[in-house]
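I opened the notebook to go through this model piece by piece. Here is the entry, in the order I looked things up.

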Amino acid sequence: MSQPLSGLRVLDFSTLLPGPFATLMLADLGADVVHIESPTRVDLVRVLPPYANGQATAHSYLNRNKQSIALDLKDPSNIQLIKDKIKDYDIVVEQFRPGVMARLGLDYDTLSALHPELIYCSITGYGQTSDYKSRAGHDINYLALAGIAGHSGRADQAPPPLGIQVADVAGGSLHAVIGILAAVIERRSSGLGQYIDISMTDCVATLNNLAASAVLAAGQKQYPEQENLNGGSFYDYYCTKDGRYLSIGGLEPQFMQGLATILDLPVLVEKGASFDPEDRRAVKAALQAKIETQDFATWQDVFSQADVCVEPVLHLDEALRSPLAQQRGWVVEVPLDKTSEQTEPQLACPIKFSRSKARYEYIGQALNVGKW
C-alpha cells in the first residue's frame, strides 16, 4: 500500500504549530518534507515541556517523518544553496511575517522565477495585505477578531479560553493543506505553480458559517447563549452528582422524545423545541436537576445503550484510551528512529483510505547540522 502524496517534496520554513502541523499531515500522507530551522534561534516546540525519550513531546509529534536541517538564513551561501536546490521541490511553506522572506531573497517571486512550477504557501495571522499584516498575534487574538469569541461561552462571563488552538490549526494548518493540494491538482493542467496567502484570521472566520449566514443575510446579531448551538437551547453541558459533565445534543424530535422517556421529563417534549427564553430556561433547569441526581459512571451506563445524543465529557487521557479511540486507531506507536525498536505513542493521522495508508517512520529527530 502506498502513501497518497508519495513523490511530493516540501521545503518547510515554519515554526511553532500552524505550519508544522500542516506539513505533518503532508508528511504522514507520504510527502518528503525537509524542515529548515535556525541553528541559533531554537524552534520553541523543541523546548516546550513535557519531555519523553529525551525530547519535547510536541517536537517529536509535529516533526515526525521529517528531515530537520539547520541553516542560517542570514548567511548568503545558504540562501544560494536553497536557490540551487529549489527545482527539486514542489512546495514551500513559510510562516514569517510579511516581507521577511523577500528580505532574505526567498520570496515567491524570486523562487518561482527559478522554478515556475513551485507552489508557495505563506501562513500568517492576518494575511499579506491589510493594515493588520505586520501585527503580532496568537490564536486567542484571531478568534477574538474573527467574531467567534464574541458569541461563545456564557452570557454573564468572559469568552472561554479553549483547550485547543482552533485558529492556528483549523484556520491555518488545515486551510493551508487544502490550498496546497488544490494548487497541486491545478498544476496538472496549467503546468505552473502559484502563491497561496493563508490568513489564520480569514480562515477561522469562515468557521462561523451558520452564525455568519444569519448575520449577513438576515441581520440577526449573534450573542452567547442565544442560539440553538451556543447554549441558548438545552443543547449544552450538564453537571453530574460528582462534578463531571454530560453533553446533551439531541435537538431532533425523536431524540428529545427518547431522552424525555429515559429521564421521565415530559417538559423536554413539551417545551424542548420552544424559542421562548422562559421555556428554554425551564427545560435546562429540569435537565440539570435530573442529571445532578446521579454520578458520572451511572449516567455513562444509562446512556451507553441509548441513541439520544448524550455522551460523557471525557478528559483527554480518558478519550485517548476509550473504546472509540481504540476501534478507530487514534493512537499509533511511532519508532524513535528508522532503525529503533523502541516506540513513542502519538496521535495518528485521522484520514482513512481504502487503498493508501499513512506512514509513521520515526518521531521528530534531532537537528541535523551537517550537510543538506
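Which residue in β5 does I36 stand opposite? I looked it up on the predicted model, and I found that I36 stands opposite I69.

**Entry 1: the parallel sheet**

I then widened the view to the strands around that pair. Strand β2, residues 32–37, is joined to β5 by five bridges, and the two run parallel. Both belong to an open sheet of six strands, which I read in the order β5-β2-β1-β6-β7-β8 with parallel pairing. I noted the edges next: β5 (66–70) and β8 (195–199) each have a single partner strand, so one side of each lacks a neighbour in the sheet. From one strand to the next, I have the twist down as 20° on average.

**Entry 2: helix α7**

Which strands does helix α7 lie across? I found α7, residues 166–190, lying across β6 (91–94), β7 (119–124) and β8. Its direction is at about 165° to that of β7.

After α7 comes G191, with a positive phi near 75°.

With neighbours up to four places away in sequence set aside, V169 is in contact with L17, F21 and L174. I also took a distance from V169 to S190, which is 21 residues away along the chain: their C-alpha atoms are 30 Å apart.

**Entry 3: the antiparallel sheet**

My next stop was an open sheet of three strands, in the order β9-β10-β11 with antiparallel pairing. Its edge strands are β9 and β11 (310–312), each of which pairs on one side only. The twist here averages 30° from one strand to the next.

How many bridges join β10 to β11? I have three, between β10 (residues 245–248) and β11, which run antiparallel. For L246, the bridge partner in β11 is P312. Helix α13, residues 296–304, packs on the sheet and touches β10 and β11, and its direction makes about 30° with that of β10.

I looked up α12 too, which lies across β9 and β10 and runs at about 40° to β9.

**Entry 4: the second largest pocket**

Which element gives the largest share of the lining? I found that α12 does, with four residues. Both β9 (236–239) and α12 (277–291) supply at least two residues of this lining. By class, I sorted the lining into four nonpolar, three polar and six charged residues.

P50 is in the loop between β2 and β3 (51–52).

N65 also went on my list: its phi is positive, near 65°, and it is a residue other than glycine. I located N65 in the loop between α2 (57–62) and β5, the strand that stands at an edge of the six-stranded sheet.

Note on methods: Residues numbered from 1 in each chain as written. Predicted model: local features only at pLDDT ≥ 70, side-chain atom pairs only at ≥ 80, totals over all residues. Heavy atoms only, no water. Pairing = 2+ DSSP bridges. Axes fitted to C-alpha atoms, helices over the stretch in contact; angles between N-to-C directions. Contact = heavy atoms within 4.5 Å. Nonpolar A, V, L, I, M, F, W, Y, C, P; charged D, E, K, R; others polar.
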